Amino acid sequence: MAKKNDNTEEKKLSIEEAFSEIEKKIQSLDKEDISLEDSFKEYREGMELLKYCHEAIEEVEQKVQKIAADGNLEDFE
């Protein structure tokens, strides 16, 4: 899945890379000198990354369930 908006349009992220980006967002939000506008931006981008991770993990789970159900190695559609 390609990146969306500010964090997810430019390149494709692995789940690990997305979690790393989320960690950076959390660290930014923990700073005492972050402005309200920046905190909203970081929060929004973090939520987009979480949604991306959720969708990617869900897709993998569906593939595993299909393989487990019939023993074949076909892609989930």
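Are Lys 25 and Glu 42 buried or exposed? Lys 25 is buried, and Glu 42 is buried too; here buried means under 20% relative accessible area, exposed means over 50%, and partly exposed lies in between (1.4 Å probe, protein chains only).

Before going further, a word on the model. It is predicted, so local features need pLDDT of at least 70 and side-chain atom pairs count only at pLDDT 80 or more, while totals for chains, interfaces and linings use all residues. Residues are numbered from 1 along each chain as its sequence is written, and side-chain values use heavy atoms, with hydrogens and water left out.

**Salt bridges**

The structure has six salt bridges, a salt bridge being a side-chain nitrogen of Lys or Arg within 4 Å of a carboxyl oxygen of Asp or Glu.

| Pair | N to O distance |
|---|---|
| Lys 24 and Glu 21 | 3.4 Å |
| Lys 25 and Glu 42 | 3.3 Å |
| Lys 63 and Glu 59 | 3.6 Å |

Helices (H or I, at least four residues) are DSSP runs, numbered from the N terminus.

Lys 24 and Glu 21 both sit in α2, three residues apart, about one turn of the helix. Lys 24 is partly exposed, at 46% relative accessible area, and Glu 21 is also partly exposed, at 24%. In α3, Lys 63 and Glu 59 are four residues apart, again about one turn of the helix. Lys 63 is partly exposed with a relative accessible area of 30%, and for Glu 59, likewise partly exposed, the value is 42%.

Salt bridges with shared partners also link Lys 25, Lys 41, Glu 42 and Glu 45 into one network.

**The nonpolar core**

Now to the nonpolar side chains. The largest nonpolar core has six residues: Leu 13, Ala 18, Ile 22, Leu 49, Tyr 52 and Cys 53. Such a core is a set of buried Ala, Val, Leu, Ile, Met, Phe, Trp, Tyr and Cys residues joined through side-chain atoms within 4.5 Å. Both α2 (15–30) and α3 (36–70) supply at least two residues of this core, and α3 gives the most, with three.

Leaving aside residues up to four places away in sequence, Ile 22 touches Gly 46, Leu 49, Leu 50 and Cys 53, where contact means heavy atoms within 4.5 Å.
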